[in-house]
Amino acid sequence: MGRGPALSRQASASKDGSGPGRRPGPPSASILAGRLPPSFFVLLLVLIPALFLPLLGLADIIQSSIQDTGSGLPRPAALEVLERSTTWRSLGLSFLQAGLSALITLLLAMPGSFALARYRFPGRNFIMALGTAGFVLPSLLIILAVIGFYGKNGPLSLLGLELPSIYSLGGIVLAHVVFNLAISLSILSQGWREIDPRLREASVSLGDSQLGRFFRLYLPLMSRRILAAFILVFIYCFLSFSIVLIFGGVGFTTMEVQIYREFFVALNPGGAALLSLLQLLLTGALTLLLHLSRKDQPRGFREDVDRPIREIPILSRILWLFYWFVMALLVLAPMLFLVYRAFFPEGSFEFTSFQVLFAVDPESSSPVGRPLEVERLIRSSPAGVIFSSLGIAALVGTLTSTAAFLTARALKRWPLPAADGILLLPMLLSGVSLSLGLGQLFPGGEARLAGVILAQSVLAFPLVFRVLRDAVIALPENFRLAASNLGAGVWFRFRTIDFPLLRRPLLNAFAFAAAVSLGDFTAAFTLGAGQIVTLPVALYRLMGFRSFNSALALAVLTLGIVTTLFLFIQAGASRDPAKEGGPVR
Amino acid sequence: MSRNLYLIQYFPHIAYPVPSLPPDRREGIHMPYSRRPLVLVASVFIGFVLSVSVFASGSSQKPAERSVLAYTYDSFPGDIVDAMSAILAQDGISLKVEQSGDSGSVYTRLYLERQEPRADVFIGLDQTYIHAILADGLAEAYRPASFQPAIPELSLNPDLPVLAFDYGYITLNYDSEALPNPPRTWAELLDPRLSQSIIMLNPGTSSPGRNFLLLSIEQLGEEGFLDYWRQLKPNILTVAGGWSEGYGLYAQGEAPLVVSYDSSPAYHRIFEGSERYKTLAIEGSGYLQVEVAGIVRGTRDREAAEKLIDALLSPEVQALIPLNQFMYPARAGVALPEGYLAPEQAVTSPVLMDEARIAENYTRWLAEWEEVLR
């Protein structure tokens, strides 16, 4: 590696060179005075491992390709990829499908997030937990779920419903909605929670209509959250690969597909790396632009204290029921269909796939020839895979939510223009560019475990930061000030003030970081060098060996474990801190 | 002093904290211990980077003994690696295998390291990369004296510095439950009864997909293939990006026909005891897909690299290929397991296009094909 010293230099520079920590003053003054606010260095500490290491790898590839003496395979000059019309057309398609997917996901998530924040109803936690678990599944299984349920042989078609073909832009959007709905619900419902209920009461007493209230009150207050969720979903969809290929068909060559093809057809790593950079620049510019367009800070927010829930009128109840029915059909049904397929592989109940997985009685499960040795295939035992995945996820969750919390605090103390946008940049690195860049830097996978954990933290950071950022801003300072004045230490303050007030966002942040880690294939696969077997790697190996039924069984097992885990986290998050004598009352 | 006044002012409102105070004013207030977050972030990340470096230095200590390093893809079977290790150990050579990604990433690594190669041997590139390996001069020629290929095509072009170690045929597979009467000819494949029944693999992102497109070009002629695909289009359900996606859909019953290997049904026969999935060699044709290995140009230990290639082609290791790779062993005289292939579905006329011709035309063919399928 050898990059440690550079980082510690940055850290010591931040220790020595900052004034505002010692003497309070408006942050803009410190910039004017030629001194950078300390949060700038925090930003650097996050961004250096996150963004610049993979970028360094990409740059190295481009440079190495330019060095080409010309004696080898005739390759297009690296810059030539920019002159092709297909490059720009694929960019257009990327923007089209990602924009549409993000828009529809958010439209669907708006009412649901309101209900999750304001009403208590049976299955509330289960919806969130299962939705988040869907986020963990590899895209191939999302594809199988969507096609299995909506496809020609799915239950809907067999019932005689005439469905439009899912092999279209509609299919892409549907699969992306299935994948991204849970994060949108989570981010938006956190936003709804932070709206001061007194504002609504004021609006009601002033006689505003429901619609007027939505547009004049809620929408402006929610716009930050909506924007944050939009950008996240947009980027995830922009970088999507297998889903776009299978539903979009041959004509639908997005940028990510174009990058892969530059490798595969032209065997031109330099051109592919250049396209990755171009993609990063454009999406990065868009992200920053969207962020700069909104300068205002959240106002009138407070963390919720559960209020008595209003009696819902009967008409609303019916409308809500209809809404949740549609959502369940859209998102949960495909997922449950996967579970059904795992237990009924040939239409009748069978447990063999699970037995094979744990080799309970391998002889009976494969009557011909030798038993399928799952352990040899995935190069680890299924139980070991589950434990190591959960262990890595817990580490990534802790590391990322700690880093994001501290970064958010530092940015609250020393605001930095566009910092929110800049911190989203690491997630713009797509799977292809990440494995390209990191693979170039760590060719033998030397980093192994630490590298995988670090890379997954980097991948999860933007999402986690988004979940925590507004909550930290909304956190009242006066409690902390009081506690400090009364002589409370850092840990005591965190335990008694920050954590109880931020319980829900912190636990959500942890859950999402863990979900990113559990669902990550690229980093584990590239940096783990085949030695670190997480669930997606194991699934990949099973499917590569045509063992789709055992892959399905393992996926359902994953779904079960992750759903249970998130149920616990949700239960912990929605516990009322007031009941434990927290500081709220 | 002013700080305390502030507290007294706001402490009673603790249940509805500071709703009226604009955020910038709140942020201007000095907090004690305000550097702690910064220091904590710094130490977390520095700690992490340090531990990464420690891991890195720990694993890069090389054993002093003679060793050979091979690159291969992730799904290369562990059984075969173990068997090769055992053979090399007899000569006091230790085998180190780095498995990463797919064959595309193996090629990319070889290409990017061409000035200072790390590896001695690469195992598992298919035809997509053979031409580039030759043009880039990434491999050193080696012909083991005692090796006889199973079929004459496997001796490849004698100029190629690579050696085939297994092979298979790219054909269609069909689901005999959903499709009891499969089409047998290219013309029958156009039958409207097969509407939306074929899962094709994208020739722009997958090697089997590429080879199936080449098969159609070789069989139907460079003039006729586009017209054929135009007629076939209504029968294609989707074009999957990779083999896993395509075969996954097929195995889940989404369509009865898929582009795959002729040996794929052997998996279901042997591990699932199912005769449901069968090979469909259209008019007996199949594109010969070859996996090759070779010695990296600039290897530090040419003799050890040769020994590794010999081990890969040895009868013991070749016998492991059918059930681990679901491909055929390249060595002549290595028996297949019983019931491995149903003879009536065998590929009788293998197709292999000249690599130079492919290199010259492939980009154009692909663009034309995409225009038709768009």
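**Salt bridges and helices in a predicted model**

Q: Is B:D301 buried or exposed?
A: B:D301 is buried, at a relative accessible area of 18%. Buried means under 20%, exposed over 50% and partly exposed in between, with a 1.4 Å probe and protein chains only. This is a predicted model, in which local features need pLDDT of at least 70, side-chain atom pairs count only at pLDDT 80 or more, and totals for chains, interfaces and linings use all residues. Residues are numbered from 1 along each chain as its sequence is written, chains are lettered from A and ligands numbered from 1 in the order in which they are written, and side-chain values use heavy atoms, leaving out hydrogens and water.

Q: What does B:D301 form a salt bridge with?
A: Its partner is B:R66, with the closest N and O atoms 2.7 Å apart. B:D301 belongs to the loop between β10 (285–296) and α10 (302–312) of chain B and B:R66 to the loop between α3 (36–59) and β1 (67–72) of chain B, so the pair ties together parts that are 235 residues apart in sequence. A salt bridge here is a side-chain nitrogen of Lys or Arg within 4 Å of a carboxyl oxygen of Asp or Glu. Helices (H or I, at least four residues) and strands (E, at least two) are DSSP runs, numbered from the N terminus.

Q: And B:R66, how is it classed by accessibility?
A: B:R66 counts as partly exposed, at 32%.

Q: Which side chain meets B:R210 in a salt bridge?
A: That of B:E355, at 4.0 Å from N to O. B:R210 lies in helix α7 (residues 207–232) of chain B and B:E355 in helix α13 (residues 355–373) of chain B, so parts 145 residues apart in sequence are tied together. B:R210 is buried at 4%, and B:E355 is buried at 14%.

Q: What about B:R364, which side chain does it meet?
A: B:R364 and B:E222 meet in a salt bridge of 3.3 Å, N to O. B:R364 is in α13 of chain B and B:E222 in α7 of chain B, so this pair ties together parts 142 residues apart in sequence. Both residues also belong to a network of salt bridges with B:E218, B:R357 and B:E368.

Q: New topic: how many residues of helix α6 of chain B are buried?
A: Seven of the ten residues of this helix (residues 127–136) are buried, so the rest of the structure largely encloses it. Among them are B:Y129, B:I130 and B:D136. Just after α6(B), B:G137 takes a positive phi of about 60 degrees.
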